[in-house]
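Visitor: I have a sequence and a model open. Please show me how to read some features.

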Amino acid sequence: MEVSSPPFGLEEAYNTLLTPGALSFIGDIAVKFDQRVEQMLNDRILKKAHLDRSRGLPDFSPETSHIRTGSWKVDPVPRRLTNRHVDLGDVSPANTGHFVQALQSTAQGIQTDFDDGHCPTWQTQLQGMFNIYQAVHDKLYANMPSIDNLPVLMLRPRAWNMVEHNMLVYGKEVPGPIFDFGLLMFHTAKILHAKESGPFFYLSKLEGYKEARLWKDIFVFAEEKLGLRIGTIKATVLIENIFAAFEMHEILYELRYHSAGLNCGIWDYSASFINKLGNRPEFVLPDRSKYVNMQRHFLKSYMALTIKTCHGRGCHATGGMSATLLPATLGPEYDRLMDVACRAKLTEIKAGADGFMVYDIRLVKPMQKLFEMYAPAANQYSVLRPDVNATKEDLLLMPSGGVTLAGLKHNIAVAVLFIESWLKGQGHFFYKGAIEDSATAEISRSQVWQWIRHRAHLEGNHQLITYSLVKDLCQQFLDRQIQDNPYFSTTEQRKRLLRAADIFRQLVTKTAFPEFITTYLSLENSFRTSTWHASKL
């Protein structure tokens, strides 16, 4: 086993977390499941290659119809998970101030995030893990209540596309989710369980039930190693992939002793269409700013199917995150944005969702009030949605619409600024009144790649979307940022922004679509050797 040295200033975190016992525990999981992880990643590649070659489409498998038609249920969740009304999402525990504010909120839970809203530098991983360790041990801030009197920590390790560059077992980098899960379990599981507060997880970017089975076996292995009852771990699977949408029953069945239900969002899920089917002109996704929302048929069907599936199996179906950021002061704009956010989430409540996420802490109480008014029970399991019969065609129907110049510019801006944030060790940023993270960056760069590839046209003037046009718009964006944004006033900051734009231009012109923006960035040498994020924490 080889582990990198501690970053400057994080020696205490390093020595507290990376004990011989903890490293041995992570190493045991890595060795036990190494071949299965490799096979799973290879199966992803083979499945996509088969679809590309056959021109086939995802569908409900006849081989697992007995699971979909069976009368089984998942195990009941523990007391503290019965009410999942409002979670705070994208809470990177490395951002100590925001993490503390989340803990002091009235939210039911905190998506304690090492994935979409977090950038996994060695510094941020250790700081984030150490903050969780201190929170669970009631030591993070003065007069901190016991963890059982705070919002529930819904721990989200990295997805399977990420690796931990700073730990090698038998000369091989440890998968990111195994490092995160192993360290969190080793140091917090027993305390969380004793206080009826965990261990609870979000699982990102699963592509089907066989990947759920892998996680289930990892859970059981960890539980046995730590002397915990089988089923102690509970996990919510985020249905962020079009393949997974066809295997929701099967995913719940695999995790039936460990399940805390399913979650549906919008941007990672929408981006997965481009990821898996984006080479085909019939799957060109229109301007997301104008034509893609949860009321469009393919997304509305996906959410309705998630609710029907979960409630039929006796578990939670939760919605995605409200990324709205309210203005700093009260006023007409504050009221308008609050109204827009609440209206959108009320639609999900009326559809039968048991909860959802928000980023802005000021949205927690208004959203909880919506539940008190329209769905006051702890959950909506009784909403069985017999009206829903989502077919393959419903799930795969692309919305109509074109591409606006404003939408193209917005996608360019979000993608470039996300890469710039990533290079300095941050996994999310604020832009035009919303929180942006890897999910919005994923859909942004994916759409630009697809529009160039399929020669889409702008609405109004029918101008062809070419790489030259994208490059010109990107340069205009850079010029405005450097001229008008005081943040980019130094040479180093401008250098980082220009490097981010260069990486963006690479991404949208790749012949083979890079599957995940975070994988591409994580393997980028300018990120791995970056001094920009070395002194952030």
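The dialogue below takes the features in turn.

Guide: First, the ground rules. This is a predicted model, where local features need pLDDT of at least 70, side-chain atom pairs count only at pLDDT 80 or more, and totals for chains, interfaces and linings use all residues. Residues are numbered from 1 along each chain as its sequence is written, and side-chain values use heavy atoms, with hydrogens and water left out.

Visitor: Where does UniProt place the feature "active site"?

Guide: UniProt positions use the numbering used here, feature names are shortened, and annotations may be inferred rather than shown by experiment. The unreviewed entry puts "active site" at Arg156 and Asp437. The lining of the largest pocket includes both Arg156 and Asp437. A pocket is found on a 1 Å grid over the protein atoms alone: it is an open set of points where a 1.4 Å probe fits, with protein on both sides within 12 Å along at least five of seven lines, and lining residues have an atom within 4 Å of a point.

Visitor: Is Arg156 buried or exposed?

Guide: Buried means under 20% relative accessible area, exposed over 50%, and partly exposed in between, with a 1.4 Å probe and protein chains only. Arg156 counts as buried because its relative accessibility is 2%. Asp437 is also buried, at 7%.

Visitor: Which elements hold Arg156 and Asp437?

Guide: Helices (H or I, at least four residues) and strands (E, at least two) are DSSP runs, numbered from the N terminus. Arg156 sits in strand S4, residues 152–156. Asp437 sits in the loop between strand S13 (434–436) and helix H17 (438–453).

Visitor: What does Asp437 touch?

Guide: Contact means heavy atoms within 4.5 Å. Not counting residues up to four places away in sequence, Asp437 touches Asp90, Asp116, Gly117, Phe418, Gly427 and His428. With neighbours within four places left aside, the contacts of Arg156 include Asp90, Asp116 and Gly117. Others of Arg156 are among Tyr202, Ser204, Leu238 and Glu240.

Visitor: Which side chain has a polar contact with that of Asp180?

Guide: A polar contact is a pair of N or O atoms within 3.5 Å; within protein, one must be able to donate a hydrogen and the other to accept it, and residues adjacent in sequence count only if both atoms are side-chain atoms. The side chains of Asp180 and Arg158 are joined at 2.8 Å. Asp180 lies in helix H6 and is buried, with a relative accessible area of 0%. The side chain of Asp437 reaches the backbone nitrogen of Ala439 at 3.0 Å.

Visitor: How do H6 and H7 pack?

Guide: Two packed helices are described by the angle between their axes and the distance between the axes. Axes are lines fitted to C-alpha atoms, for helices over the stretch in contact, and angles run from 0 to 180 degrees between N-to-C directions. Helix H6 (residues 176–194) and helix H7 (residues 209–226) pack at about 35 degrees, with axes 11 Å apart. Residues meeting there include Phe181 and Met185 in H6, and Trp215 and Phe219 in H7.

Visitor: What about Pro376, buried or exposed?

Guide: Pro376 is exposed, because its relative accessible area is 62%. Its place is the loop between helix H14 (364–374) and helix H15 (392–396).

Visitor: Which residues does "domain: Malate synthase C-terminal" cover?

Guide: The unreviewed UniProt entry gives residues 404–520. Over that stretch the chain is 63% helix and 5% strand. The end C-alpha atoms are 27 Å apart.
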